[in-house]
Each structure stands twice: as C-alpha cells, then as structure tokens.
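Please read the following briefing alongside the sequence and the coordinates.

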Amino acid sequence: KNIILRLNMSDMGSKRNGPYDRNHHPFQESWTSSLLGQTRVFSIQLFCFGGSTMITRTCCAPLERTKILLQVQHMRNGKVQYEKAQDAWKQVIKSDGYKGLWKGNGGNVARAV
C-alpha cells in the first residue's frame, strides 16, 4: 500500500495546477504589487544613473568648456586667441572667475538626463 500511495502522490505532483505542483503557490503576489516593485527598482536605477551623470558632467565641465573655446576661437576675430588649453583657462578665470569654467554646465547636465 505504501508503494502505491507514493506513486499516486508523484503522479499528482506532475500535473499542471494540481495541489502538489511545485510551481503552484497559493499565496502569489498580485500583479499590482509586482508592478510596484518593478517601478521602485526602475526609479532607483534612474535616480542613480541621473545622479552619476550629473556628477560626471559637472566634473568634466571645465575641460568641455576649454575644448569649445579652442574650437570656436577663430570665429571671433579670425585669429588665434589661445595657443593651448592653459591659456584658455587663464583667460576665463581672469575674465569670469572660477565659476566661468562651469558656464553652460546646466544645459549639458539637462541634455544628459
């Protein structure tokens, strides 16, 4: 009798949606709670991505500003104003102060996020 009972239990467990199905969970989460969990994870990932992008863009802003100044220097007077990056930095710091190195960073950060 014990052998027959065990065989019957294993037969019932192999059926889909049976009471002994290993994948059947009577207390599953509803789809709304799983959706909320996914939304929470997505918002955390988005916040981390946006924060790291803002920090990276702000740290690199002086280099980006210097690059742009060196690229457009011929458009003003048709002559070279800066021989190298240090010349551009000195000129910007002299005219606008240290905050001048981060001029235009808000648009750069907004574009990234």
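The largest nonpolar core has five residues, namely L69, Y82, A88, V92 and L101, where a nonpolar core is a set of buried Ala, Val, Leu, Ile, Met, Phe, Trp, Tyr and Cys residues joined through side-chain atoms within 4.5 Å, and buried means under 20% relative accessible area, exposed over 50% and partly exposed in between (1.4 Å probe, protein chains only). This is a predicted model, in which local features need pLDDT of at least 70 and side-chain atom pairs count only at pLDDT 80 or more, while totals for chains, interfaces and linings use all residues. Residues are numbered from 1 along each chain as its sequence is written, and side-chain values use heavy atoms, with hydrogens and water left out.

**Overall make-up**

- The protein has four helices and zero strands, in the order α-α-α-α along the sequence, with helices (H or I, at least four residues) and strands (E, at least two) taken as DSSP runs numbered from the N terminus.
- Of the 113 residues of the protein, 17% count as buried, and the accessible surface comes to about 9,700 Å², 60% of which belongs to carbon and sulfur atoms, as computed by the Shrake-Rupley method with a 1.4 Å probe.
- Among contacts (heavy atoms within 4.5 Å) between residues at least 6 apart in sequence, 44% join residues at least 24 apart.

- L69, a member of the core, touches R76, Y82 and V92 when residues up to four places away in sequence are not counted.
- T66, placed in helix 2 (residues 31–77), is buried with a relative accessible area of 5%, and, leaving aside its neighbours within four places in sequence, T66 is in contact with A85, A88 and W89.
- A85 lies in helix 3 and counts as partly exposed because its relative accessibility is 31%; beyond residues up to four places away in sequence, A85 touches T66 and L70.
- The C-alpha atoms of A85 and L63 are separated by 8.7 Å, although these residues are 22 apart along the chain.
- Helix 3 (residues 85–96) has twelve residues and reaches 16 Å from its first C-alpha to its last, close to the 16 Å expected at 1.5 Å a residue, the expected span being 1.5 Å times one less than the number of residues.
- Just after helix 3, G97 takes a positive phi of about 85 degrees.

- The buried residues in helix 4 are N105, N108, V109 and A112. Seen down the axis of helix 4, they fall within an arc of 95 degrees, so they line one face of the helix, the arc being that of the directions from the helix axis to the C-beta atoms.
- An α-helix has 3.6 residues a turn, so residues three or four places apart point the same way.
- The face of helix 4 turned away from its buried side carries the exposed residues G106, G107, A110 and R111.
- N105, found in helix 4 (residues 105–112), is buried because its relative accessible area is 12%, and its contacts, leaving aside neighbours within four places in sequence, are with R57, T58 and A61.
- A polar contact of 3.2 Å joins the side chains of N105 and T58, where a polar contact is a pair of N or O atoms within 3.5 Å, one able to donate a hydrogen and the other to accept it within protein, and residues adjacent in sequence count only if both atoms are side-chain atoms.
- E64, found in helix 2, counts as partly exposed at 31% relative accessibility, and its side chain makes a polar contact of 3.1 Å with the side chain of K67.
- E64 and N108 are 44 residues apart in sequence and 9.6 Å apart in space, C-alpha to C-alpha.
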